[in-house]
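Subject: Structure for you to look at, with notes

Dear colleague,

I am passing on the structure we spoke about, and I would be glad if you could read the notes below with the coordinates open beside them.

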Amino acid sequence: TDQAYGKARIASIDGDKLLADCKAGIVPVVAGFQGVDDLGNITTLGRGGSDTTGVALAAALKADECQIYTDVDGVYTTDPRVVPKAKRLDKIAFEDMLELASQGAKVLQVRSVELGMVHNMPIFVRSSFDKPEDIDPHANQPPGTLICSEEQIMENHVVTGIAFSKDEAQISVRQIEDKPGIAASIFGPLADANINVDMIVQNVSEDGKTTDLTFTVPATDYNRARETITAAKDKIGYQRLDTATDVSKVSVIGSGMRSHAGVAAKGFAALAARNINIRAITTSEIKFSVLIDAAYTELAVRTLHTLYGLDQA
């Protein structure tokens, strides 16, 4: 691995010894979550690193499939603890799973899904608690979810799932000069501090002189982000800093959005009907996310889950 201790990235895997053991009838047991750098120091891959290890090994060994046994029996349309009607998906495309994982779904680590997509390695997520004797060997597919390429999925739903994250913080930099380079003066120091910025909204200035810039950061980085912006106040030249930690991000994800218009508009209208105010919006080809008050998270997730027909998925 590289030397980014605590969140190391895999540089290479030598699968020859493992393959030789397998061919000799030995079952190799490999410790996940860790590696070694070029100086021989032990490194760790960060939260969910065991998933990443499993998929990386499967890719290195050119396996047919990587099976991840975990504490849930697959990937659901949303968190079943929030929406009891959430359904387990038989199959989900890499792209959709990547968005779900990065937007708050805790089933798999983002990097493990990235690796699967890059190497086209199907990942089968299933429960560690299913007794082998209870599984029908003649079933087309045992209980679980297959994460695979889009071509392997016969029919894409417009919306695949709803993800949410309560670990968000909002920072608004008020009355800054509306001129080239001002965004760089804000986000440059944050990047130097290794703080990941998610949603960014810039208001159109009425007088053409000043503007407001709002963005979100992970709640764990909130204090550092606020201190970083405050330290750069003279360079940025803002009048006021407003912050909020009682916010959450709700994301609607689905590859089918590419070919359907008005998916986001329907969602905005449904949230408005529930009197849920949207603080910020970001979109991509297969996803839109809204930032709302944390108190409305469960209501928003349930509303959107029903709206897009996932209760009957």
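Predicted model: local features only at pLDDT ≥ 70, side-chain atom pairs only at ≥ 80, totals over all residues.

The protein chain has an average pLDDT of 89, and 96% of the residues score at least 70. Among the elements of the chain, the highest mean pLDDT, 95, belongs to helix H9 (residues 297–307), while the lowest, 88, belongs to helix H7 (residues 233–236).

Aromatic pairs

There are two aromatic pairs in the structure. In one of them, the ring centres of phenylalanine 187 and phenylalanine 215 are 5.3 Å apart and the ring planes stand at 75°, which is over 60 degrees, so the pair is classed as edge-to-face. This pair links distant parts of the chain, since phenylalanine 187 belongs to helix H5 (residues 182–192) and phenylalanine 215 to strand E9 (residues 210–218), 28 residues apart. Both phenylalanine 187 and phenylalanine 215 are buried.

The other pair is made by phenylalanine 268 and phenylalanine 288, whose ring centres lie 5.4 Å apart with the planes at 70°, so this pair too is edge-to-face. Because phenylalanine 268 sits in helix H8 (residues 263–273) and phenylalanine 288 in strand E12 (residues 287–293), the pair ties together parts that are 20 residues apart in sequence. As for accessibility, phenylalanine 268 is partly exposed, with a relative accessible area of 24%, whereas phenylalanine 288, at 2% relative accessibility, counts as buried.

Salt bridges

The structure holds 16 salt bridges, and I describe some of them here.

Glutamate 150 and arginine 258 form a salt bridge in which the closest N and O atoms are 3.6 Å apart. This pair links distant parts of the chain, with glutamate 150 in the loop between strand E6 (145–148) and strand E7 (161–177) and arginine 258 in the loop between strand E10 (240–253) and H8, 108 residues apart. Glutamate 150 counts as partly exposed at 27% relative accessibility, and arginine 258 counts as partly exposed at 35%. Glu150 and Arg258 are also linked with Glu95 and Glu285 in a network of salt bridges.

Aspartate 242 and arginine 174 also meet through their side chains in a salt bridge, with an N to O distance of 2.9 Å. Here too the pair links distant parts of the chain, aspartate 242 being in strand E10 and arginine 174 in strand E7, 68 residues apart. Aspartate 242 counts as partly exposed, at 23% relative accessibility.

Aspartate 293 and arginine 279 meet in a salt bridge as well, at 2.8 Å from N to O. The pair links distant parts of the chain, 14 residues apart, with aspartate 293 in strand E12 and arginine 279 in the loop between H8 and strand E11 (280–284). Aspartate 293 is partly exposed, with a relative accessible area of 26%, and arginine 279, at 33% relative accessibility, counts as partly exposed.

Helix H4 and what follows it

Which residues of helix H4 (residues 110–118) are buried? They are Arg111, Ser112, Val113 and Gly116. The cover over these buried residues of H4 includes H2, helix H3 (94–102) and strand E5 (123–127). Just after H4, asparagine 120 takes a positive phi of about 50°.

Two further backbone angles

Phenylalanine 33 has a positive phi of about 75°, although it is not a glycine. Phenylalanine 33 lies in the loop between helix H1 (16–23) and strand E1 (34–36), and at 34% relative accessibility it counts as partly exposed.

Lysine 62, which is not a glycine either, has a positive phi of about 55°. Lysine 62 is placed in the loop between helix H2 (49–60) and strand E3 (66–70). Is lysine 62 buried or exposed? At 72% relative accessibility, over the 50% cut-off, lysine 62 counts as exposed.

With best wishes

Terms used: Residues numbered from 1 in each chain as written. Heavy atoms only, no water. Helix = DSSP H or I, 4+ residues; strand = E, 2+ residues; numbered from the N terminus. Buried < 20%, exposed > 50% of the residue type's maximum accessible area, 1.4 Å probe, protein only. Contact = heavy atoms within 4.5 Å. Phe/Tyr/Trp six-rings, centres within 6.5 Å; stacked < 30°, edge-to-face > 60°. pLDDT = per-residue confidence, 0-100. Salt bridge = Lys/Arg side-chain N within 4 Å of Asp/Glu carboxyl O.
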